[in-house]
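Trainee: I'm new to this structure and would like to learn how to read it. Could we go through it feature by feature?

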Amino acid sequence: MLGVASQATNSSFWNDTNGATEGVLYQAVSGPGVAVTPKTLPFVDAFKKRYGNFPSYCGYTAYDEVYYIADAIKRAGSTDPDKLVDALEKTDYVGTIGRVQFKGKDSPNPHALKVGADTITGLMLQWQDGKQTNLWPANVANGKLKFPKFIKVWLSRLTRE
């Protein structure tokens, strides 16, 4: 009932499944109506105006990647791979999904994105009444967890047996 589901991040998921997504929980980097950073909602509004729907997870990440890679190229003064890697290691960019920084080459996960309260936390969302509702983290939540009806039915059956 919980996981990473790229289809669930699409704003068309509800209609694509005829509403069978009620209660689906999923992890994402951002979501409609969630102001992860000051850049998030302006991006979402512009995306929706241009394409008619909200971005999925890859819309947010691709947007941010274009900007921090362009910035790294500018700072490196080159597209030479070694110079570019050095510049990317020094990236400190606030994008639509949070503050983007990378782990150093000597870390256990070289060049992985840093995650945590000061960088990227991700979100936990749920489809509720045809909308993507953010449940966590609390500072940007716009709803609370709701168990779908089939969970209540299953629990009541379980307790009768």
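Mentor: Tyr67, for instance, is in helix H3, residues 57–76. Before going on, keep in mind that this is a predicted model, where local features need pLDDT of at least 70 and side-chain atom pairs count only at pLDDT 80 or more, while totals for chains, interfaces and linings use all residues. Residues are numbered from 1 along each chain as its sequence is written, and side-chain values use heavy atoms, with hydrogens and water left out.

Trainee: Is Tyr67 buried, partly exposed or exposed?

Mentor: The words have cut-offs: buried means under 20% relative accessible area, exposed means over 50%, and partly exposed is in between, using a 1.4 Å probe and protein chains only. Tyr67 has 43% relative accessibility, so it counts as partly exposed. Ala46, in helix H2 (residues 40–51), is also partly exposed, because its relative accessibility is 47%.

Trainee: And which residues form a nonpolar patch on the surface?

Mentor: First the rule: patches are made of residues with over 30% relative accessible area and no salt bridge, with like charges joined within 9 Å and nonpolar side chains (Val, Leu, Ile, Met, Phe, Trp, Tyr) within 5 Å. The areas come from the Shrake-Rupley method with a 1.4 Å probe, and for residues only the protein chains shown count as cover. Here Tyr63, Val66 and Tyr67 make up such a patch, with about 290 Å² of accessible area together.

Trainee: How do I read a pair of aromatic rings?

Mentor: A pair of aromatic rings is described by the distance of the centres and the angle of the planes. Rings of Phe, Tyr and Trp (its six-membered ring) pair if their centres lie within 6.5 Å; planes under 30 degrees apart are stacked, over 60 edge-to-face, and the rest tilted. This structure holds 9 aromatic pairs. In one of them, Trp14 and Trp127 are stacked, at 6.2 Å centre to centre and 25° between the planes. That pair links distant parts of the chain, 113 residues apart: Trp14 is in helix H1 (residues 13–16) and Trp127 in strand S5 (residues 123–128). Trp127 has a relative accessible area of 1%, so it is buried.

Trainee: What kind of pair do Phe47 and Tyr51 form?

Mentor: Phe47 and Tyr51 form a tilted pair, 4.7 Å centre to centre with 50° between the planes. Both lie in helix H2, 4 residues apart, which is about one turn of the helix. They also belong to one aromatic cluster with Phe43, Tyr60, Tyr63 and Tyr67.

Trainee: Which residue has its charged end over the ring of Phe54?

Mentor: For that we ask for NZ of Lys or CZ of Arg within 6 Å of the ring centre and within 35 degrees of the ring normal. Lys48 is the one here, its charged end being 5.1 Å from the centre of the Phe54 ring.

Trainee: How many salt bridges are there?

Mentor: Side chains of opposite charge can pair when their charged atoms come close. The cut-off is a side-chain nitrogen of Lys or Arg within 4 Å of a carboxyl oxygen of Asp or Glu, and the count comes to 3. Arg75 pairs with Asp71, with the closest N and O atoms 2.8 Å apart. Both are in helix H3, 4 residues apart, about one turn of the helix. Arg75 is partly exposed at 38% relative accessibility, and Asp71 is partly exposed too, at 33%.

Trainee: And the others?

Mentor: Asp92 and Arg99 meet at 2.7 Å, N to O. Asp92 is partly exposed at 45% relative accessibility, and Arg99 is partly exposed at 31%. Then there is Lys146 with Asp129, whose closest N and O atoms are 3.5 Å apart. This pair links distant parts of the chain, 17 residues apart: Lys146 is in the loop between strand S6 (131–136) and helix H5 (149–160), Asp129 in the loop between S5 and S6. Lys146 is partly exposed, with 41% relative accessibility, whereas Asp129 is exposed at 57%.

Trainee: Where does Pro137 lie?

Mentor: Pro137 is in the loop between S6 and H5. Its relative accessibility is 12%, so Pro137 counts as buried.

Terms used:
Helix = DSSP H or I, 4+ residues; strand = E, 2+ residues; numbered from the N terminus.
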